[in-house]
Amino acid sequence: MLVYTLLGLLAPYFMGKAIDDFIGGNNTAGLMRMALYMLGAYLANNLFQAIANWIMARVSQDALKLLRRDLFQHLQTLSIGFFDTHSAGG
């Protein structure tokens, strides 16, 4: 998460550098280099964000799986009489 946050800050920095240094000076080679840097920063940002989202989804699914397993194991330890005296959802 830290990497894609930093990459998200890097692209506007490159844009400011391109405007300040290369557009005013009519330096098209430098402008193209900055454009490629920005493209690389945006692509890397999206890649790391996708990886972070995948990790977060995986962690939350694993936590939910463990919670369901623990709840099922607990329900298996209860007596049949418990289910006769307690209504579902109540």
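Lys and Arg are counted as positive and Asp and Glu as negative, with His and the chain ends left out. Each charge is placed at NZ of Lys, CZ of Arg, CG of Asp or CD of Glu. On this basis the protein carries 6 positive and 5 negative charges, and their mean positions lie 7 Å apart.

The model is predicted: local features need pLDDT of at least 70, side-chain atom pairs count only at pLDDT 80 or more, and totals for chains, interfaces and linings use all residues. Residues are numbered from 1 along each chain as its sequence is written, and side-chain values use heavy atoms, without hydrogens and water.

The protein has three helices and zero strands. Helices (H or I, at least four residues) and strands (E, at least two) are DSSP runs, numbered from the N terminus. The order from the N terminus is α-α-α.

The C-alpha trace spans about 85 × 20 × 15 Å along its principal axes. The radius of gyration is 27 Å, whereas a compact globule of 90 residues would have a value near 12 Å. The radius is taken over C-alpha atoms, and the globule rule is 2.2 Å times the number of residues to the power 0.38.

The accessible surface comes to about 7,300 Å², with 68% belonging to carbon and sulfur atoms. Areas come from the Shrake-Rupley method with a 1.4 Å probe; for residues, only the protein chains shown count as cover. Of the 90 residues, 13% count as buried. Buried means under 20% relative accessible area, exposed over 50%, and partly exposed in between (1.4 Å probe, protein chains only).

The largest nonpolar core has seven residues: Ala11, Phe14, Ala18, Phe22, Met34, Met38 and Ala41. Helices α1 (2–23) and α2 (28–77) each supply at least two of its residues. The most come from α1, with four. Such a core is a set of buried Ala, Val, Leu, Ile, Met, Phe, Trp, Tyr and Cys residues joined through side-chain atoms within 4.5 Å. Beyond neighbours within four places in sequence, Met34 contacts Phe14, Lys17, Ala18 and Phe22. Contact means heavy atoms within 4.5 Å.

Asn45 lies in helix α2. Asn45 counts as buried because its relative accessibility is 12%. Outside four places in sequence, Asn45 contacts Tyr4, Leu7 and Gly8. Asp70 is also placed in α2. With a relative accessible area of 40%, Asp70 is partly exposed.
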